Amino acid sequence: MAVVFIPTPLRRDVGGRQSVDVPGANLREIIDGLDAISPGFREKLVDPELEGRVNRSYSAIVAGEAAD
């Protein structure tokens, strides 16, 4: 289980929560979990022009280190 801190502009998609618990062992699984909570969330996080990486306007930090 991962604790995901939600950026302010995306909080309305998760009922206004600042963080959510999402199952997943890696970033892809966590993004899938976020999309299960709020369909369409993936498209807001992932930039297809960056080959499926997290959009540059957001950060993905896993265990204290930046993740792609």
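**Exercise 1. How many salt bridges does the structure hold?**

Solution. Begin with the basis: this is a predicted model, in which local features need pLDDT of at least 70 and side-chain atom pairs count only at pLDDT 80 or more, while totals for chains, interfaces and linings use all residues. Residues are numbered from 1 along each chain as its sequence is written, and side-chain values use heavy atoms, with hydrogens and water left out.

Step 1. Take the criterion: a salt bridge is a side-chain nitrogen of Lys or Arg within 4 Å of a carboxyl oxygen of Asp or Glu.

Step 2. Apply the criterion: the structure holds three salt bridges.

**Exercise 2. Describe the secondary structure of the protein.**

Solution. Step 1. Helices (H or I, at least four residues) and strands (E, at least two) are DSSP runs, numbered from the N terminus.

Step 1. There are two helices and six strands in the protein.

Step 2. Along the sequence, their order is β-β-α-α-β-β-β-β.

**Exercise 3. Which parts of the chain does the salt bridge between K44 and D13 link?**

Solution. Step 1. The closest N and O atoms of K44 and D13 are 2.9 Å apart.

Step 1. K44 lies in helix α2 and D13 in the loop between β1 and β2, so the pair, 31 residues apart, links distant parts of the chain.

**Exercise 4. Against which elements do the buried residues of α1 pack?**

Solution. Step 1. In helix α1 (residues 27-37), the buried residues are L27, I30, I31, G33, L34 and D35.

Step 1. With contact taken as heavy atoms within 4.5 Å, these residues pack against β1 (2-5), β2 (19-22), α2 (41-45), β3 (46-47) and β4 (53-54).

Step 2. For the protein as a whole, buried residues make up 31% of the 68 residues.

Terms used
Buried < 20%, exposed > 50% of the residue type's maximum accessible area, 1.4 Å probe, protein only.
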